[in-house]
Amino acid sequence: MSDKISYNQRKELPDSVFGLPQRREYPMPDAAHVRAAEAYFRYCPGRLKPQLAQAILSRAEQLGVSVESPIIRKYAGK
C-alpha cells in the first residue's frame, strides 16, 4: 500500500488498523502509515492522545516498526 489511501480503500479497512477506531482516524494498515500516525500525533485531541499512543506502539510492534518519539512513549505510559 502506498502512503496515500483512497476513500474506497479506507472504507474497506477494518477498525482494528485505526489508531482511533471509534472515529476511524489515523489508519495504520502498513509501516508507512504507522510512521505517518507518529508524525501527525501532535494534531490528535489531548484527551485521545493516550489511546492513540498505545495504538501506534501496538501496531508498530506488529509491523516491526521502531517508534522513536519519547512523547508517544510518555502518553502510552512506556
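Modeller: What follows is a set of questions and answers on this predicted model.

Colleague: Which element gives the largest share of the largest nonpolar core?

Modeller: The largest nonpolar core has 18 residues, and those with the most contacts inside it are L52, I56 and I72. The elements that contribute two or more residues to this core are α2 (31-39), α3 (49-63) and α4 (70-76). The largest share, six residues, comes from α3.

Colleague: Which residues does I72 touch, leaving aside its neighbours within four places in sequence?

Modeller: I72 is among the residues with the most contacts inside the largest nonpolar core. Once its neighbours within four places in sequence are left aside, the residues in contact with I72 are E38, F41, A53, I56, L57 and V67.

Colleague: Against which elements do the buried residues of α2 pack?

Modeller: In α2, the residues H33, V34 and A37 are buried. They cover an arc of only 110° around the axis, which puts them on the same side of α2. An α-helix has 3.6 residues a turn, so residues three or four places apart point the same way. The elements against which the buried residues of α2 pack are β2 and α3.

Colleague: Is R24, with its positive phi, buried or partly exposed?

Modeller: Most residues other than glycine have a negative phi. R24, although not a glycine, has a positive phi of about 50°, and R24 is found in the loop between β1 (18-20) and β2 (25-27). Its relative accessible area is 25%, so R24 is partly exposed.

Colleague: And Y26, is that residue buried or exposed?

Modeller: Y26 is found in strand β2, and its phi is near 60°, a positive value in a residue other than glycine. Buried is the word for residues under 20% relative accessible area. With a relative accessible area of 14%, Y26 is therefore buried.

Colleague: How are the rings of Y40 and Y43 arranged, stacked, edge-to-face or tilted?

Modeller: A search of the whole structure finds two aromatic pairs. In the pair formed by Y40 and Y43, the ring centres are 6.0 Å apart and the planes are at 40°, so the pair is tilted. As for accessibility, Y40 counts as partly exposed at 49%, whereas Y43 counts as exposed at 55%. The arrangement of the two rings is thus tilted.

Colleague: At what distance from the ring centre of Y75 does K74 lie?

Modeller: A charge sits over a ring if NZ of Lys is within 6 Å of the ring centre and within 35 degrees of the ring normal. K74 lies over the face of Y75, and its distance from the ring centre is 5.5 Å.

Technical notes: Residues numbered from 1 in each chain as written. Predicted model: local features only at pLDDT ≥ 70, side-chain atom pairs only at ≥ 80, totals over all residues. Heavy atoms only, no water. Core = buried A, V, L, I, M, F, W, Y, C linked by side-chain atoms within 4.5 Å. Buried < 20%, exposed > 50% of the residue type's maximum accessible area, 1.4 Å probe, protein only. Helix = DSSP H or I, 4+ residues; strand = E, 2+ residues; numbered from the N terminus. Contact = heavy atoms within 4.5 Å. Phe/Tyr/Trp six-rings, centres within 6.5 Å; stacked < 30°, edge-to-face > 60°. Arc of directions from axis to C-beta.
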